Amino acid sequence: MRLPRSGAGWTIAVFGLLALLLGALGLIWPETQLRLLGFEVPAERAPGDYTGTFLTASSMASFNMGVYYLLAVATEWRPFYRFTVWFRLVTFTVFTIAVLSDVAPDRFFAVAAWEGLGAVATAVGLWWDARRAAPGTAGPGDSAPDPVPATDAAR
């Protein structure tokens, strides 16, 4: 796997790696994942309680999402980076509303904050990368920016 080639790429790589690892954690040790999120882990589940099923599904989705993010980093797929900013802000909003409406415990707001801060970090990385790539903006000692990936050439 190649290292990220841009500031925005690093933000996507960090999120992707954490999504992959936390997805794996939920698949391997679901009780630990529930405790990290602030949910109760009863000794026994009632009939019709599908918490384990839902956790397996969301952990697998997180694992897959981590792979998708890391693939985007490996190919420097910048349109994907921009897309994630908006949808991570949507995720921040939905998770915040879940906490404020008592659907999720207060501790779950950390997940919302992670999404919101990640969106802002990627947006700042995209802005910084564009600023560095703009003609005539390189300062003394700055190295030449990487060429614009072919996926951004049509933009």
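These legends describe close-up views of a predicted model.

**View 1. Helix H4 and its buried residues.**
Helix H4 runs from residue 78 to residue 100 and has 23 residues. From its first C-alpha to its last, H4 reaches 33 Å, close to the 33 Å expected at 1.5 Å a residue. The buried residues of H4 are Arg78, Phe80, Tyr81, Thr84, Val85, Arg88, Thr96, Ala98 and Val99. An α-helix has 3.6 residues a turn, so residues three or four places apart point the same way. The buried residues of H4 pack against helix H1 (7-28), helix H3 (51-74) and H5. After H4 comes Asp102, which has a positive phi, near 60°.

**View 2. Asp129 in helix H5.**
Asp129 is part of helix H5, which covers residues 109-133. Is Asp129 buried or exposed? Asp129 counts as buried because its relative accessible area is 8%, and the cut-off for buried is under 20%. The side chains of Asp129 and Ser6 are joined by a polar contact of 3.4 Å. Leaving out residues up to four places away in sequence, Asp129 touches Ser6, Gly7, Ala8 and Arg78. Of these, Arg78 is also one of the buried residues of H4.

**View 3. The aromatic pair of Trp77 and Phe80.**
Nine aromatic pairs are found in a search of the whole structure. Trp77 counts as partly exposed because its relative accessibility is 42%, whereas Phe80, at 15%, counts as buried.

Which residues form one aromatic cluster with Trp77 and Phe80? Phe15, Tyr69 and Trp114 belong to this cluster. Phe15 also has a charge over its ring: the charged end of Arg88 sits there, 3.6 Å from the ring centre. Arg88 is among the buried residues of H4.

**View 4. Spans annotated in UniProt.**
An unreviewed UniProt entry gives the annotation "transmembrane region" to residues 50-71, 83-101 and 107-128. In the model, the end C-alpha atoms of residues 50-71 lie 32 Å apart, and this span is 95% helix and 0% strand. For residues 83-101, the end C-alpha atoms lie 27 Å apart, and the span is again 95% helix and 0% strand.

Technical notes:
Residues are numbered from 1 along each chain as its sequence is written. This is a predicted model: local features need pLDDT of at least 70, side-chain atom pairs count only at pLDDT 80 or more; totals for chains, interfaces and linings use all residues. Side-chain values use heavy atoms; hydrogens and water are left out. Helices (H or I, at least four residues) and strands (E, at least two) are DSSP runs, numbered from the N terminus. Buried means under 20% relative accessible area, exposed over 50%, partly exposed in between (1.4 Å probe, protein chains only). A polar contact is a pair of N or O atoms within 3.5 Å; within protein, one must be able to donate a hydrogen and the other to accept it, and residues adjacent in sequence count only if both atoms are side-chain atoms. Contact means heavy atoms within 4.5 Å. The expected span of a helix is 1.5 Å times one less than its number of residues. UniProt positions are given in the numbering used here, feature names are shortened, and annotations may be inferred rather than shown by experiment. Rings of Phe, Tyr and Trp (its six-membered ring) pair if their centres lie within 6.5 Å; planes under 30 degrees apart count as stacked, over 60 as edge-to-face and the rest as tilted. A charge sits over a ring if NZ of Lys or CZ of Arg is within 6 Å of the ring centre and within 35 degrees of the ring normal.
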